[in-house]
Amino acid sequence: MLKSSNTISKPAMVCTLFTSVAQSSFSCFSDSPKPTSSKTQIPSLFLDGRRSFTPGFSPRRSTQLSRLRNVRNPPYICFFSGGGKPKGDFQEKENESQWLILKRWDVPWEWQTASLTSLACGLSFVLTGLVEAAAIPYLGIRIQDLSLDEKAEILFLDQGITTAAVLAVLYTVANTYQPLPEDVYRYDLKEPFNLQKGWLLWAGIGFVGAIAAIAVTGAALSMLRGESPEREKDALVSLLPLIGSSGISTACLLGITGVLAPILEETVFRGFFMVSMTKWVPTPVAIVISAAVFALAHLTPGEFPQLFVLGTALGLSYAQTRNLVTPITIHALWNSGVILLLTFLQLQGYDIKELLQTT
């Protein structure tokens, strides 16, 4: 009789083991755990086999029964994953952390908004200049009679009004899409030396890289052109009379080129235009397109290569840190560095106009 009981219990035990493992494996696919009652702790197949046992079965069988109960819900056995999504998400987040520069922005607006906003920014820039030009004679101000310091102050006021008008357009549009993603129009001074997103660290890297790339570009262009062409009438040439004329003029120039212009241009070309482009093209392509538009907007075709290289460096730094403070800092260092260098050379008696022509 004992032999017959053992013969029946072994197949039951084997079936129970495979049933338990299979159920625990496929339980990974379920969304929520299902409660089990004490009546279902042992499969029915085992219960059918146990009916042939006498109430006084041996301690060995009791030990086997307790082991099978433990096998019923193994804590860590899982042969199948639930579609692989958690692993994929982890790998995607890991790749994004390693290649943040390739990540796109989550742009909330469509192409119609991007196009109309770009047009509105351009019109704001032009209309602001026209209104100021008409208002100056109306106020009884004669530009030709002003001193250099007064001209510098008017230029500073003009740049301030233009910056405020264009930024007002951008933020008026952005307010209709609140709450914005955290990396859109982000100005953050925290963690300046963070290895991945430190704005000051990457501003330094971008600035040095921009200087080296622009120097190489300039040398290559000089070799191709042979003679240096006559410098075009750009903003820097128009500011030459103010450079080094007085402390007030220098301060106004630094405020224009080192503060207001970088904030305006980086918010428009990187913060809005480049970010908007990533909705339809990869981030590296958006960087190149925004750099080209940035260079064309300066209306100096002869300096397009250098401005394009600078715009590319600005776009790369912004894509890496997702912080507009980074390209603003690079832009400010570049502009203010040029003004300070020219001021120093002017005070040393050099003809900066001739220097600019030769470079």
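Helices (H or I, at least four residues) and strands (E, at least two) are DSSP runs, numbered from the N terminus. The model is predicted, and local features need pLDDT of at least 70, side-chain atom pairs count only at pLDDT 80 or more, while totals for chains, interfaces and linings use all residues. Residues are numbered from 1 along each chain as its sequence is written, and side-chain values use heavy atoms, with hydrogens and water left out.

Colour the chain by pLDDT, the predictor's confidence in each residue, from 0 to 100: the mean is 78, and 69% of the residues reach 70 or more. Select residues 21–63, where the pLDDT is below 50 and the model has 42 contacts (heavy atoms within 4.5 Å) beyond near neighbours in sequence; then select residues 65–97, also below 50, with 30 such contacts.

Following H5 is Gly140, whose phi is positive, near 80 degrees.

Finally, select Ala286 in helix H10, residues 283–297, which is buried with a relative accessible area of 0%. Leaving aside neighbours within four places in sequence, Ala286 is in contact with Met274, Met277, Thr278 and Val281, while its C-alpha atom is separated by 9.8 Å from that of Thr312, 26 residues apart along the chain.

Terms used:
Buried means under 20% relative accessible area, exposed over 50%, partly exposed in between (1.4 Å probe, protein chains only).
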